[in-house]
Amino acid sequence: RPPTTRRGVRPCEPTRDAPPRIATPVTDIAGVLSASQDELLAQLHAAQRRRTGVQVALLTITTLDGEPIEDFSHRTAVSWGGGSRERNDGVLVTFAVRDHRSRIEVGYGLEAELTDGRTRTLLDGARPFLRRSDYAGAFGSILDGIETRTAERRATGDGLFAGASPVSETPTATASPSRDTQSGGDWAFAL
């Protein structure tokens with residue numbers, strides 16, 4: 001099916017010069033989500049954001065065209081500018097479908113809760129869904145994990161983090177890829 005957003009606008013594949021425009025919680029450029037899955041994920045995101053204050057963007061693209069996912073995700077996150085400017089607490093989850101690559105880009109204001117190790121665990125938890133090409137299930141699993149790891153923000157007051165610094169222009173560190181030899185093919189996870 002041709003990819004669309006919930007508003008019916010067909011997003012364009014990104015280029016190295018122009019990252020995708022993220023205007024809704026779910027941007028399905030690869031066209032791997034049904035309209036009902038897109039809507040359900042948007043509802044899950046809205047509920048999670050009310051409970052934690054964390055803004056998450058879910059993005060699918062068809063291919064990276066040889067660009068490292070670390071560079072692509074960082075560039076896209078900077079362009080998007082998600083989360084609070086003061087707290088720098090946005091999270092971008094990217095799946096490059098044809099390349100079997102995924103990444104979670106975390107704003108500095110959430111690095112205490114969503115460390116490289118914890119985001120790796122979230123991506124590992126999404127692996128069974130990705131093996132079945134169940135992208136909605138993978139995103140749902142990651143959203144649930146983000147909420148679990150950031151729920152204390154609301155329990156401790158207004159959810160503000162002191163000393164959050166702006167997004168760096170330097171990409172974050174990358175973990176070595178995980179090889180998946182199951183039926184869904186190899187998926188590499190970058191942190």
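Which residues are linked with Asp-124 in a network of salt bridges? Arg-120 and Arg-127 are, and the three residues together form that network. The legends below describe close-up views of a predicted model.

**Figure 1. A network of salt bridges links Arg-120, Asp-124 and Arg-127.** Asp-124 is paired with Arg-120, and their closest N and O atoms are 3.3 Å apart. These two residues lie 4 residues apart in helix 3, which means that about one helical turn separates them. The other partner of Asp-124 shown here is Arg-127, with a distance of 3.1 Å from N to O. Arg-127 and Asp-124 are 3 residues apart, again about one turn of helix 3. Asp-124 has a relative accessible area of 32%, so it is partly exposed. Arg-120, at 18% relative accessibility, counts as buried because the cut-off is under 20%. Arg-127 is also buried, with a relative accessible area of 14%.

**Figure 2. Arg-87 and Asp-89 form a salt bridge.** The closest N and O atoms of this pair are 3.0 Å apart. Both Arg-87 and Asp-89 are buried. In the whole model, the count comes to 7 salt bridges.

**Figure 3. The largest nonpolar core has 26 residues.** Val-91, Val-93, Ile-142 and Ile-146 have the most contacts inside this core. Two or more residues come from each of strand 2 (55-61), strand 3 (90-96), strand 4 (101-106), helix 3 (116-131) and helix 4 (135-150). Helix 4 gives the most, with 7 residues. In soluble globular proteins, nonpolar side chains tend to be buried together.

**Figure 4. Ile-142 is a buried residue of helix 4.** Leaving aside residues up to four places away in sequence, Ile-142 touches Val-93, Phe-95, Ile-104, Leu-122, Leu-123 and Ala-126. The buried residues of helix 4 also include Tyr-135, Phe-139, Leu-143, Ile-146, Glu-147 and Thr-150. Helix 4 has 16 residues and, at 1.5 Å a residue, should span 22 Å.

**Figure 5. Strand 2 is mostly covered.** Of its 7 residues, 7 are buried. One side of strand 2 carries Gln-55, Ala-57, Leu-59 and Ile-61, and the other carries Val-56, Leu-58 and Thr-60. Residues on both of these faces are buried.

**Figure 6. Strand 2 runs parallel to strand 1 and also to strand 3.** Strand 1 (residues 26-28) is joined to strand 2 by 3 bridges. In this pairing, Val-26 stands opposite Leu-58 of strand 2. Between strand 2 and strand 3 there are 7 bridges. Here Gln-55 stands opposite Gly-90 of strand 3.

**Figure 7. Two β-α-β units contain strand 2, one left-handed and one right-handed.** The left-handed unit is made of strand 1, helix 1 (residues 35-52) and strand 2. In the right-handed crossover, the chain passes from strand 2 through helix 2 (residues 69-80) to strand 3.

Definitions and conventions. Residues are numbered from 1 along each chain as its sequence is written. This is a predicted model: local features need pLDDT of at least 70, side-chain atom pairs count only at pLDDT 80 or more; totals for chains, interfaces and linings use all residues. Side-chain values use heavy atoms; hydrogens and water are left out. A nonpolar core is a set of buried Ala, Val, Leu, Ile, Met, Phe, Trp, Tyr and Cys residues joined through side-chain atoms within 4.5 Å. Buried means under 20% relative accessible area, exposed over 50%, partly exposed in between (1.4 Å probe, protein chains only). Contact means heavy atoms within 4.5 Å. The expected span of a helix is 1.5 Å times one less than its number of residues. Two strands pair if DSSP finds at least two bridges between them. A crossover is right-handed if, with the strands pointing away from the viewer, the path from the first strand over the helix to the second runs clockwise. A salt bridge is a side-chain nitrogen of Lys or Arg within 4 Å of a carboxyl oxygen of Asp or Glu.
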